[in-house]
Amino acid sequence: MTTLYTADHEWLAVDGDVVTVGITNYAQEQLGDIVFVELPKIGRQLKKAEAAAVVESVKAASDVYAPITGEVLEVNDTVSGEPALINSDADGKAWLFKLRIADKSELDGLMDAAAYQTHTA
Amino acid sequence: MLARDAAPTPLKQTPLHPLHLARGGKMVPFAGYDMPVQYPAGVLKEHLHTRTSAGLFDVSHMGQLALRPKSGKVEDAAHALERLVPQDVVAVTAGRQRYAQFTNEDGGILDDLMVANFGDHLFLVVNAACKAEDEALLRAQLSDACIIEPLADRALVALQGPKAVAVLAKHCADAATMRFMDAGPRKVMGLDCFVSRSGYTGEDGFEISVPAADAEGFANALLADDAVALIGLGARDSLRLEAGLCLYGHDIDPTTTPVEADLVWSIQKSRRNGGARAGGFPGADKILAQIENGTSRKRVGLKPEGRAPVRDGAQLFADASSSEPLGSVTSGSFGPSISAPIAMGYLPTPHAAIGGTVFAEVRGQRLPLRVSNLPFVPHSYKR
């Protein structure tokens with residue numbers, strides 16, 4: 001399983017033709033205390049770069065974009081019930097949704113961990 | 001997903017700027033100043049700390065002005081200031097302060113402010129974003145009667161929360177005997193300060209004007225107390241919203257009158273129709289008529305029924321499908337003390353009754369909100 005990153009601070013764990021998507025630890029540090037999460041509906045067909053989810057701190061709402069095109073297979077209801085999980089475990093338990101990959105070539109433009117580290121340095 | 005700030009014009013710094021950096025403040029541009037939105041503890045913890053202990057806020061970006069009567073009589077300065085505000089300033093006795101608004105000819109609010117009577121002059125605290133215009137207004141309208149003196153060499157801090165009084169009493173002889181809205185010069189840590197028992201959080205607490213050169217040592221001495229933590233602008237906003245207090249430029253502005261903003265309580269009888277000094281301030285005809293006849297719209301508290309915060313600018317509708325907005329949200333956030341989203345906004349008076357339901361449009365959905373009493377968290381002032 002490989003983990004890839006977007007310039008918009010989402011991470012994707014790729015497992016066969018399914019990706020799990022969350023926001024990075026860097027992103028949660030920048031956003032601060034998360035108090036609300038809105039996740040996409042299961043079955044929704046997301047296009048790459050479309051607003052897919054929303055995370056809100058006390059101060060502001062931020063969109064989470066679909067990093068690739070695909071169908072929503074599963075969402076993490078635990079994180080909508082406990083938004084602060086994003087602050088404590090952004091790249092683990094606080095995953096947001098899973099997508100079935102429509103076009104594997106879309107993964108080619110994404111960053112690996114080293115490139116993402118440079119991106120946020 | 002993270003917004004990037006545009007290249008800023010050079011930002012001003014308060015005398016406590018080095019302290020913010022040293023204490024890990026996350027700095028953002030605010031009203032032309034480089035200010036801390038939060039410290040490492042974060043907005044939620046800072047908010048809750050203020051409600052349970054004592055929070056220290058740097059509000060030095062706000063404008064501090066002395067209004068000195070040319071006659072030497074403070075009541076002459078008070079009479080002069082009454083030309084610009086609908087409040088009874090003459091009745092503010094030495095050692096007391098009052099909340100006021102500068103109004104325009106349409107009855108709209110140019111700024112809101114605190115006015116204190118220091119015995120031989122008036123002391124004003126105005127909003128950072130308005131201070132240049134306020135000073136110009138005062139010079140243009142009151143120079144016949146007053147010398148207008150901006151106090152640029154002073155910092156301003158707020159110490160807020162249930163433990164604020166115990167903390168300040170260690171450094172200021174009569175802090176504990178002051179009542180809500182008492183204000184005047186006091187020695188604090190031996191420094192020449194101006195202290196008022198007031199604030200912008202709904203909690204008991206103090207605002208303290210300190211000579212700029214002494215401000216950092218002063219703040220560090222307060223922070224040496226275990227009860228005290230630094231609080232950024234993020235928690236300042238969530239605290240004042242829970243307390244139902246207006247933010248200038250959002251909940252009140254030149255297009256909202258004090259009556260529409262539900263601030264009639266701040267306009268004393270002496271300035272209303274039939275009062276000893278009725279009218280005589282900009283927009284008096286409109287404001288006084290609104291007090292008697294009511295307004296077509298009103299500022300209200302709003303509680304979203306779901307968990308999603310409804311933010312400033314969201315349009316409000318009568319039902320889930322109507323196309324004509326009734327009004328909009330002017331402040332909206334998450335209230336850490338009640339662990340629920342809260343908001344304020346303007347609604348037509350027929351829709352403004354407590355308990356009614358309206359709908360806000362958020363990301364293409366209509367979310368229900370209940371019209372609610374303000375404040376969301378009861379005030380704890382020492383009256």
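Helices, of at least four residues, and strands, of at least two, are DSSP runs numbered from the N terminus. On this basis, the secondary structure of chain B comes to eight helices and 19 strands. The radius of gyration of chain B is 21 Å, close to the 21 Å given by the globule rule for 383 residues, so chain B is as compact as a globular protein of that length. Along the principal axes, the C-alpha atoms of chain B fill a box of roughly 60 × 55 × 40 Å. The structure is a predicted model, with an ipTM of 0.89 and a pTM of 0.95. For chain B the average pLDDT is 97, and 98% of the residues score at least 70.

Of the 383 residues in chain B, 50% are buried.

Chain B is divided into two domains, domain 1 (8-295) and domain 2 (296-376). The centres of domain 1 and domain 2 of chain B, taken over C-alpha atoms, are separated by 28 Å. Contact between these domains involves 19 residues of domain 1 and 20 residues of domain 2 of chain B. On the domain 1 side, the elements that contribute two or more residues are H2 and H7 of chain B. The residues of that side comprise six nonpolar, seven polar and six charged.

The largest nonpolar core contains 136 residues, of which B:Leu56, B:Leu81, B:Val115, B:Leu122, B:Leu124, B:Val157 and B:Leu159 touch the most other members. Strand E6 (residues 109-117) of chain B gives the most to this core, with six residues. Both domains of chain B take part, since at least three residues of the core are drawn from each of domain 1 (8-295) and domain 2 (296-376). The surroundings of B:Leu81 illustrate the packing: when residues up to four places away in sequence are not counted, B:Leu81 touches B:Leu67, B:Val89, B:Val115, B:Leu122 and B:Leu142.

A further residue examined in chain B is B:Leu168, which is found in helix H5 (residues 164-169). A residue is buried if 20 or more other C-beta atoms lie within 10 Å of its own; B:Leu168 has 24 such neighbours and therefore counts as buried. Beyond its neighbours within four places in sequence, B:Leu168 is in contact with B:Leu159, B:Ala175 and B:Phe206. The C-alpha atoms of B:Leu168 and B:Met189 are 9.5 Å apart in space, while the two residues are 21 apart in sequence.

Helix H7 of chain B is mostly covered, with 10 of its 10 residues buried. Among these buried residues are B:Leu233, B:Ala235, B:Leu239 and B:Leu241, together with B:Arg236, B:Asp237, B:Arg240 and B:Glu242. The cover over the buried residues of H7 includes helix H2 (43-52) and the strands E1 (26-30), E2 (33-38), E3 (54-58), E16 (327-335) and E17 (340-348) of chain B. After H7 of chain B comes B:Gly244, whose phi is positive, near 70°.

Helix H7 of chain B also takes part in the contact between the chains. This contact takes 16 residues from chain B and 19 residues from chain A. On the side of chain B that touches chain A, the elements giving two or more residues are H2, H7 and E16 of chain B. The residues of this side divide into eight nonpolar, five polar and three charged.

Several points of backbone geometry were also identified. In chain B, the loop between helix H7 (233-242) and helix H8 (284-293) holds B:Asp262. The phi of B:Asp262 is near 60°, a positive value in a residue other than glycine. B:Asp262 counts as buried because 22 C-beta neighbours lie inside 10 Å. In chain A, A:His9 occupies the loop between strand E1 (2-5) and strand E2 (10-15). A:His9 likewise has a positive phi, near 75°, and is a residue other than glycine. With 24 other C-beta atoms within 10 Å, A:His9 is buried. Finally, the peptide bond from B:Leu374 to B:Pro375 is cis, with omega near -5°. B:Pro375 is placed in the segment after strand E19 (365-372) of chain B.

How values were computed: Residues numbered from 1 in each chain as written. Chains lettered and ligands numbered in written order. Predicted model: local features only at pLDDT ≥ 70, side-chain atom pairs only at ≥ 80, totals over all residues. Buried ≥ 20, exposed ≤ 12 C-beta atoms within 10 Å, placed from the backbone. Contact = placed C-beta atoms within 7 Å. Core = buried A, V, L, I, M, F, W, Y, C linked by C-beta atoms within 7 Å. Domains from an automatic or database assignment. Nonpolar A, V, L, I, M, F, W, Y, C, P; charged D, E, K, R; others polar. pLDDT = per-residue confidence, 0-100. Rg over C-alpha atoms; globule rule 2.2 N^0.38 Å.
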